[in-house]
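Please report on the fold, core and side-chain contacts of this chain. Keep it brief and tied to the coordinates.

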Amino acid sequence: QVQLVESGGGLVQPGGSLRLSCAASGSIFSINAMGWYRQAPGNQRELVATITRAGITNYADSVKGRFTISRDKNTVYLQMNSLKPEDTAVYYCNANIKERSWSRFRDYWGQGTQVTVSS
């Protein structure tokens with residue numbers, strides 16, 4: 001079984017910073033891409049940022065220049081700077097994981113962590 005455990009969410013004032021972490025554990029043979037998504041109330045889940053195994057990154061236009069995704073082995077991070085009220089959402093970690101050498105890659109999700117940007 002695979003688990004993704006997120007941490008680092010919370011309440012921050014506009015212009016502030018937060019760092020999210022997501023650690024993958026359990027039965028893991030290989031991890032392909034990892035990423036962060038977010039969902040605000042009444043909205044669909046949207047991509048925030050992804051990073052491949054080779055370190056290639058991709059960002060939503062709304063967070064470019066403010067957020068930085070990074071990765072260390074089975075952990076993915078999201079450094080969020082210059083936060084805005086519109087960044088308020090539940091942030092979900094995603095990882096594309098192969099559990100065994102013979103199995104296929106499949107997507108796993110964390111439980112979500114709340115980020116609230118408000119004065």
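A disulfide here is a pair of cysteine sulfur atoms within 2.5 Å. This is a predicted model, in which local features need pLDDT of at least 70, side-chain atom pairs count only at pLDDT 80 or more, and totals for chains, interfaces and linings use all residues. Residues are numbered from 1 along each chain as its sequence is written, and side-chain values use heavy atoms, with hydrogens and water left out.

**Disulfide**

The structure holds one disulfide. Cysteine 22 and cysteine 93 form it, with their sulfur atoms 2.1 Å apart. The link is left-handed, at -80° about the S-S bond. Cysteine 22 sits in strand β3 and cysteine 93 in strand β9, so the bond ties together parts 71 residues apart in sequence. Strands are DSSP runs of E with at least two residues, numbered from the N terminus. Both cysteine 22 and cysteine 93 are buried. Buried means under 20% relative accessible area, exposed means over 50%, and partly exposed is in between (1.4 Å probe, protein chains only).

**Nonpolar core**

A nonpolar core is a set of buried Ala, Val, Leu, Ile, Met, Phe, Trp, Tyr and Cys residues joined through side-chain atoms within 4.5 Å. The largest one has 31 residues. Trp36, Leu78, Met80 and Tyr91 have the most contacts inside it. Elements giving two or more residues to this core include β1 (2-7), β3 (18-26), β4 (30-39) and β5 (46-51). β7, β8, β9 (89-98) and β11 (113-117) are also among them. β9 gives the most, with five residues.

What does leucine 78 touch, not counting residues up to four places away in sequence? Its partners are Leu18, Arg19, Leu20, Trp36, Val48, Ala49, Phe67, Thr68, Ile69 and Tyr91. Contact means heavy atoms within 4.5 Å.

Strand β7 (residues 67-72) and strand β8 (residues 75-80) run antiparallel, joined by six bridges. Two strands pair if DSSP finds at least two bridges between them. Aspartate 72 stands opposite threonine 75 in β8. The two strands form a hairpin with two residues between them.

Lysine 73 is in that turn and has a positive phi. Serine 82 has a positive phi too.

**Aromatic pair and charge over rings**

Rings of Phe, Tyr and Trp (its six-membered ring) pair if their centres lie within 6.5 Å; planes under 30 degrees apart count as stacked, over 60 as edge-to-face and the rest as tilted. The structure holds one aromatic pair. Tyrosine 37 and tryptophan 109 have ring centres 5.1 Å apart and planes at 65°, so the pair is edge-to-face. Tyrosine 37 is in strand β4 and tryptophan 109 in strand β10 (residues 106-109), 72 residues apart. Is tryptophan 109 partly exposed or buried? Tryptophan 109 is partly exposed, at 38% relative accessibility.

Arginine 45 also meets tryptophan 109: its charged end sits over the ring, 4.7 Å from the centre. Arginine 45 lies over the face of tyrosine 92 as well, at 3.7 Å from the ring centre. A charge sits over a ring if NZ of Lys or CZ of Arg is within 6 Å of the ring centre and within 35 degrees of the ring normal.

Definitions and conventions. Helix = DSSP H or I, 4+ residues; strand = E, 2+ residues; numbered from the N terminus.
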